[in-house]
Amino acid sequence: MIETKEVLRYLRTYSGVQDEELLQRIERCTAAAYQTVHPKTIYEIFECTPDDDGALIGGIRFESKRLGANLAGCRQVIAFAATLGTQADTLLRTAKAEGAAQLMICQAVLAAMVEEVCDNLEAQIKQTHHMHLRQRYSPGYFDLALESQKDFFNLMDITKRIGVTLSDTMLMIPSKSVTAFIGVDYED
């Protein structure tokens, strides 16, 4: 369940805020999100060879010194994609019609929700495969170019499997979608 304090963090608001109108609007948007949004996730485990300039993952080269450092010592990596689907974009359009404040609240609720979906997927992976996982690393983060989304999508056939597409500017559609690599450290 989305925590109000997480939504407030995305709104860049003090977590102890006592504004009843704001809290009620967050609650209504959260309820609407849980009623209408149906998240989808996929993941795969790939062999990887990190180096100082990036990593070879599933036969595709990803250039990024930070990604290479993040995966240093890993032989495998999890690649995953998660989306809240088109229903989230519909909620955003509805919120936009209600005004800028409602749009900001809805954006924050859905951002917290997609992070919750990613966290839950990570927990599932850890439990299923008995792995220690490193920090998520996404295209567009630090020096991993957003254009690497093309290769990421090809690596996992994301469009076919969960319906997420890329715009000409490499932004994902639906908008509340995430792709990421996670380095694997196996438990003893």
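Colleague: What does a side-chain oxygen of Asp19 reach at the start of H2?

Modeller: That oxygen comes to within 3.1 Å of the backbone nitrogen of Glu21. A polar contact is a pair of N or O atoms within 3.5 Å; within protein, one must be able to donate a hydrogen and the other to accept it, and residues adjacent in sequence count only if both atoms are side-chain atoms. The model is predicted, so local features need pLDDT of at least 70 and side-chain atom pairs pLDDT 80 or more, while totals for chains, interfaces and linings use all residues. Residues are numbered from 1 along each chain as its sequence is written, and side-chain values use heavy atoms, with hydrogens and water left out.

Colleague: Why does Asn70 count as buried?

Modeller: Buried means under 20% relative accessible area, exposed over 50%, partly exposed in between (1.4 Å probe, protein chains only). Asn70 has 15% relative accessibility, so Asn70 counts as buried.

Colleague: What makes the buried residues of H2 line one face of the helix?

Modeller: They are Leu22, Arg25, Ile26, Cys29, Thr30 and Ala33. Seen down the axis of H2, they fall within an arc of 135° (taken from the directions from the helix axis to the C-beta atoms), so they line one face. On the other side, Glu21, Glu27, Arg28 and Gln35 are exposed.

Colleague: How do you know that Cys29 is in no disulfide?

Modeller: A disulfide is a pair of cysteine sulfur atoms within 2.5 Å. A search of the whole structure finds zero disulfides. For Cys29, the nearest cysteine sulfur is that of Cys106, 3.4 Å away.

Notes
Helix = DSSP H or I, 4+ residues; strand = E, 2+ residues; numbered from the N terminus.
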